[in-house]
Amino acid sequence: DLCMIHGMTAGQVRRYGRDIFAALERGANGAPPIPPRRNDQPTPDVLARYDALRNWRRDRGVARGVDSDVILSRDALWELAHKNPRTPEALERIETIGPWKRRVYGQEILQVLRRV
């Protein structure tokens with residue numbers, strides 16, 4: 001059966017065939033995988049910071065004439081909302097924001113977070 005699969009060579013079938021069928025049998029007879037745990041809901045403080053940052057990002061995008069994702073990604077907003085940096089040094093530890101965006105938007109981001 002493995003020889004019928006496009007791209008599977010005879011050498012691969014000889015070398016890996018038994019292991020492939022063993023893995024298929026384990027999967028067919030094993031228990032279903034446990035789904036990953038859903039993330040807990042963010043706290044009201046985190047949600048408030050995220051909303052404030054999202055509104056700032058939207059307004060900044062309109063002012064620059066670009067889509068808001070160009071200003072900062074959604075992942076960056078969530079990381080900022082969760083970590084709540086208060087200083088430029090703390091902002092440098094936000095991994096989803098590169099040096100250019102930190103330099104250009106860093107002070108505005110910190111001001112938004114201080115107001116929330």
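Colleague: What percentage of the 116 residues in the chain is buried?

Modeller: This is a predicted model, and a residue is called buried in it when its relative accessible area is under 20%. Among the 116 residues of the chain, the buried ones make up 27%.

Colleague: Which secondary structure pattern does the chain follow along the sequence?

Modeller: The secondary structure comes to six helices, with zero strands. Read along the sequence, the chain therefore has the pattern α-α-α-α-α-α.

Colleague: Is the chain compact or spread out, and what is its radius of gyration?

Modeller: For 116 residues the globule rule gives 13 Å, and the value for this chain is well over that, so the chain is more spread out than a compact globule. Along the principal axes, the C-alpha atoms fill a box of roughly 65 × 30 × 25 Å. The radius of gyration of the chain is 24 Å.

Colleague: Which residues is Leu 53 in contact with, leaving aside its neighbours within four places in sequence?

Modeller: Leaving aside the neighbours within four places in sequence, the partners of Leu 53 are Leu 77, Leu 80, Ala 81, Ile 109, Val 112 and Leu 113.

Colleague: Which helices do the buried residues of H4 pack against?

Modeller: In H4, the buried residues are Ala 76, Leu 77, Glu 79, Leu 80 and Ala 81. After H4 comes Asn 84, whose phi is positive, near 50°. The buried residues of H4 pack against H2, helix H5 (88–92) and H6.

Colleague: Is Asn 29 buried or exposed?

Modeller: Asn 29 lies in helix H1, which covers residues 10–29. A residue has to be over 50% in relative accessible area to be called exposed, and because Asn 29 has 61% relative accessibility, it counts as exposed.

Colleague: What distance separates the C-alpha atoms of Asn 29 and Gly 98?

Modeller: Asn 29 belongs to helix H1, and Gly 98 is 69 residues apart from Asn 29 along the chain.

Note on methods: Residues numbered from 1 in each chain as written. Predicted model: local features only at pLDDT ≥ 70, side-chain atom pairs only at ≥ 80, totals over all residues. Heavy atoms only, no water. Helix = DSSP H or I, 4+ residues; strand = E, 2+ residues; numbered from the N terminus. Rg over C-alpha atoms; globule rule 2.2 N^0.38 Å. Buried < 20%, exposed > 50% of the residue type's maximum accessible area, 1.4 Å probe, protein only. Contact = heavy atoms within 4.5 Å.
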